[in-house]
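Biologist: I'd like to see how the words used for a structure follow from its values. Shall we go through it together?

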Amino acid sequence: MFNSKSEKAEEFICHDEIMDTLAYGKENENNVQLIDSILQKAETLVGLNYKEVSVLIHACENTENSTLREKIFKLARKIKEQIYGKRIVMFAPLYVSNYCVNGCKYCGYHTGSCIKRKKLTQEEVANECRAIESMGHKRIAMEAGEDDINCSIDYILECMKTAYATKNGNGEIRRINVNIASTTVENYKKLKEAGIGTYVLFQETYHKPTYERLHPSGPKSNYEYHTTAHDRAMQGGIDDVGIGVLYGLYDYKYEIIGTMLHVKHLEDTFGVGPHTISIPRVKYAEGVDLSLFTNIVSDEQFKTIIAVLRVAVPYTGIIISTREAPDFRDEIIGLGVSQTSGGSCTGVGGYADRVLRGGSNASSSCDDQSTAQFKVADERSESEVLKMLLKNGYIPSFCTACYRAGRTGDRFMQFAKSGDICNYCLPNAMLTLTEYVLDYGDDEFKQLAFDVIAKERQNIANPTTKAKFDEYFERIKNGERDFRF
Ligand code: SAM
């Protein structure tokens, strides 16, 4: 299928194709008729191809086109709410090891970094999980640096087993997404057997020369192996994979087209695109000089990136993290974001330390940064983030139902595309929020959440679902847990 001259990754992330697409976008940035037709197409929820995306990002960059950006922002919000309603899925990253053999120039884990190296024992993993559960989380993203000796696949599998087995009152981890380095089909099979939710791996940059410059040493320096990781994960049976670019490493327009080509490749090859797209921006990290990065994206460019991706891939989860500052995060949630983290620790062992210091609602501001991968910008506690979401009319969701009911990969996408997902997401979001309120919410939270639930209950369209929801809601209030549609 692939010719012998170029490697597989360069077949689907084809530099010349990206450059041609960028030129096409630039040529058409003022083509009002074409732009209108692209927006009309996006409104029908069929998504956009990479050429159309190129036109939109160039048109948005043209400062005379500020009304277009507002139009796209509104459309992004509308599309997200049409498909997923007001729910925002919550998760917590759990860093289990920061040992790393890679030399990534932007990352606090790089080999020359003087961060304190640490790997959690299983007892510490359990302590972290209990602390995360005491914050109300049911979904974690397990993270680790790459080091086959200090942090083998068997260690990750053991951590997953511990996390799933650790309960704290009504708290439990119901879904573990895993963000570890590119690995073999055999290892992906093992992750699948251990109950992985989504396998997440960021491309960092699709621009090969930049990738090679910023990853000078270690296994991650192999662009080909890294870029084809999601293919191997899917071959290993993992239906849900997550992709992402670390914005700031290279030109964001190139990266968006690279992202679209990656989406297309996964759709063409496996019949389903990525389950999620994460949108991180590079932040200060130990031993990293941010001034060397000349492609840092501004807040306005970042808003365009989120909104354009939302309209282009309407069914894919879009994730933003605590890398973004509080006020800005509150603003960009409305541009089509569907998942976010709150009260995050990027240090190894940070959650249990925090609970010991100030309880599960303590802000993350005084976390020990000596083991962290980068510095977070939103240091609010989980409950502060949740209250912000509720006040802005969103429903924070701790739902993990789709993956546990086998609605993954193309089965998930069928539900999403038929519009049926709203009959699951909305009631599941409200049921898991009710669990949260009863187990962890203070009085202000209870008031806010029950007001939102009373209002949103009206939006459950299917009468049978509504009746079942009412039954489950009462049973949760009476102490039962874990109902789902
Ligand atoms: N094996 C993965 C690795 O070491 O890259 C583990 C996941 S890592 C914890 C998650 C992601 O954090 C990386 O893929 C990278 O995009 C991001 N990251 C690394 N350094 C960062 C920085 N200085 N600012 C923001 N994000 C960063």
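Modeller: **From values to words**

Modeller: This model is predicted. Start with a helix contact. In H19, Leu426, Met430, Leu433, Thr434, Tyr436, Val437 and Leu438 meet Phe445, Lys446, Ala449, Phe450, Ile453, Glu456 and Arg457 of H20. By class, these residues are ten nonpolar, one polar and three charged.

Biologist: What makes Lys446, Glu456 and Arg457 in this contact charged?

Modeller: Asp, Glu, Lys and Arg count as charged. The contact of H19 with H20 has three charged residues.

Biologist: How do you describe two packed helices?

Modeller: By the angle between their axes and the distance between the axes. For H19 (residues 422-440) and H20 (residues 443-457), the axes come within 10 Å and cross at roughly 160 degrees.

Biologist: Why is H19 called roughly antiparallel to H20?

Modeller: Angles over 145 degrees count as roughly antiparallel. The axes cross at roughly 160 degrees. Therefore H19 is roughly antiparallel to H20. H19 also passes H20 in a left-handed crossing.

Biologist: H19 meets H21 as well. What makes H19 roughly parallel to H21?

Modeller: The axes of H19 and H21 (residues 463-477) cross at roughly 15 degrees and come within 10 Å. Angles under 35 degrees count as roughly parallel. So H19 is roughly parallel to H21. The crossing of H19 and H21 is right-handed.

Biologist: Which residues make the contact of H19 with H21?

Modeller: H19 brings Asn423, Pro427, Met430, Leu431, Thr434, Glu435 and Leu438. H21 brings Thr465, Phe469, Tyr472, Phe473, Ile476 and Lys477. They divide into eight nonpolar, three polar and two charged.

Biologist: Now H4 and H5. Why are H4 and H5 called oblique to each other?

Modeller: The axes of H4 (residues 50-61) and H5 (residues 66-84) cross at roughly 130 degrees, and come within 8 Å. Roughly antiparallel needs over 145, and roughly perpendicular covers 65 to 115. H4 and H5 are therefore oblique. Leu56, Ala59 and Cys60 in H4 meet Leu68, Arg69 and Ile72 in H5. That contact has five nonpolar residues, no polar ones and one charged.

Biologist: On to the ligand. Which of the 20 residues around the ligand come nearest?

Modeller: Tyr106, Ala144, Glu204, Lys283 and Arg323.

Definitions and conventions
Residues numbered from 1 in each chain as written. Predicted model: local features only at pLDDT ≥ 70, side-chain atom pairs only at ≥ 80, totals over all residues. Heavy atoms only, no water. Axes fitted to C-alpha atoms, helices over the stretch in contact; angles between N-to-C directions. Helix = DSSP H or I, 4+ residues; strand = E, 2+ residues; numbered from the N terminus. Left-handed = near helix turned anticlockwise from the far one by under 90°. Contact = heavy atoms within 4.5 Å. Near = heavy atom within 4 Å.
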